[in-house]
Amino acid sequence: MNVRAPKGTADMLPDVARAWEYLTRTAQDLFSRYGYEPIYTPLFENTEVFTRGIGEATDIVSKEMYTFLDKGDRSLTLRPEGTASVVRAALEHSLVPQGSSAKLYYSGPMFRYERPQKGRMRQFWQIGVEVLGVAGPSADAEVIVLLVRFFEAVGIPAASMRLLVNSMGDEACRPAYRERISAYIRDHGEQLCEECNRRAVTNPLRAFDCKNPACVAVMAEAPLLRDSLCEECSAHYSTVKAHLDRLGIAYEEAPRLVRGLDYYTRTVFEVQVTEGLGSQNAIGGGGRYDRLMQEYGGPPTPGLGFALGFERTLLAMEAAGVSVPAPARADVYVARVDDSVSESVFTMTAALRDAGVVAELDHQARSLKSQFKQADRLAARLVVIVGPDELAVGEVTLRDMTSKDESRVAIGELVNAVRSRLG
RNA sequence: GUGGGUGUAGCUCAGUUGGUUAGAGCGUCGGACUGUGGCUCCGAAGGUCGCGGGUUCGAGCCCCGUCACCCACCCCA
């Protein structure tokens, strides 16, 4: 039998799992403070949720989805991202009746069939937020600020992050611009790579994403959407930036930032780090998607959100030298001198735990010496030594591992004695 | 899908031009200290040298194949 986890997946061993829980807790605390509520959606959806929402021409849909038929011949897909599911759920359950709004956050694994590399897995974790039913630019700023604050909260220094922002326009101004870019690509077809030539038809804006030096050079001269925004988009974008300025959030305008999902309109943004991520540098990103709900047949409902990647956040934290606080593995270790006292050790440990003390004992009949070593490894502050001598007079020995002081304590007083010494 | 790199103990790695029973450090367990930790010393357990073939008197080392992982391209979290 193949005892390896599938390609592109990883077990989260205790050290990593602890960091994971720390990120989750930090996000839950922070996001709640901003008024977001949790939502959990299925790990798989009917395939069209993604094909319609994310867009047929995107990399995600065209080559990265885990799609399969279930036993009822339904086409299902493991979610490659979170937004489509949340919007689908909001529509299904009418979470955003006309005139109202909802602020939600989610977390969990996403799945994309790609060749794994540093900072990229086939199963990877994201935490994200979605704001539904709010069109105003202050919501954009709130979401961006929240993303930045999260990274700050887990200890990634502002100096090692870059916040990029751009506007993708809307149905009023983007189609015309799209035509201009398409024409521009066709005019320069000779100098551009094959892929970009294809993009002229399928998704011209994505030519800005190409890293081929020749294409980068040509696209650097291409007209920018920023200069073709309609009045409304332009005003929206300006207000978002003004709000960021008010809070002193540093950002860079990135007029060629387009991002890989079709549903974005107006504001898009991305947080990149300079260290630790190999060639991947985005640790979080998102944008506005005012047309998505309608794409699913729902009422016009503006929306926006972000997603951030756990694995990449952890890599960035590591690069920044941030350590995750580790809880005590044991306050008290109850040591067994010989087998005659095993039952007493077991019941005393249980009593301590019932009293809320983090207590540990040896289950393997190891020597007293090795029990002490174990106590040391667990950073236990106290060791209760249970031996036949003490037990004969109804007592145990309590050793303070730091001061090395030892004292006799009556068994009935053990819990109180431990508590008072632990403060 | 394409390219490059690496596979030797639980972990990190040595392993000379192919040559006897494949090593070290860390970790684990035991002992020195017959009921007491962090230091030190001693000892033990632990290995299909990724897998399969081939060359050879002899392969961890050479050849072929295969698998896995890593990194990069594409793109994204």
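**Surroundings of the RNA strand**

In this predicted model, arginine 259 places a polar side-chain atom 2.6 Å from a phosphate oxygen of RNA strand B. Lysine 7 likewise has a polar side-chain atom by a phosphate oxygen of RNA strand B, at 3.1 Å. For lysine 118, by contrast, the polar atom belongs to the backbone, and the separation from a phosphate oxygen of RNA strand B is 3.0 Å.

These contacts may be set against the wider surroundings. RNA strand B is surrounded by 48 residues, of which Arg112, Arg120, Gly260, Asp389 and Lys404 are the closest. By residue class, the surface near RNA strand B comprises 25 charged, twelve polar and eleven nonpolar residues.

Which helix supplies the largest share of the surface near RNA strand B? It is helix 13, with seven residues; this helix spans residues 368-377. At least two residues each also come from helix 3 (59-63), helix 14 (388-392), strand 6 (123-132) and strand 10 (282-288).

A further feature is a nonpolar patch on the surface, formed by Leu43, Phe44 and Phe68, whose accessible area together is about 260 Å². Of these residues, phenylalanine 44 is located in strand 2, which covers residues 44-46. Phenylalanine 44 is classed as partly exposed because its relative accessibility is 42%, a value between the limits of 20% and 50%.

How values were computed. Residues numbered from 1 in each chain as written. Chains lettered and ligands numbered in written order. Predicted model: local features only at pLDDT ≥ 70, side-chain atom pairs only at ≥ 80, totals over all residues. Heavy atoms only, no water. Near = heavy atom within 4 Å. Polar contact = N/O pair within 3.5 Å; in protein donor to acceptor, adjacent residues only side chain to side chain. Helix = DSSP H or I, 4+ residues; strand = E, 2+ residues; numbered from the N terminus. Nonpolar A, V, L, I, M, F, W, Y, C, P; charged D, E, K, R; others polar. Patch = residues over 30% accessible without salt bridge, like charges linked within 9 Å, V, L, I, M, F, W, Y side chains within 5 Å. Areas by Shrake-Rupley, 256 points an atom, 1.4 Å probe, with all protein chains shown as cover. Salt bridge = Lys/Arg side-chain N within 4 Å of Asp/Glu carboxyl O. Buried < 20%, exposed > 50% of the residue type's maximum accessible area, 1.4 Å probe, protein only.
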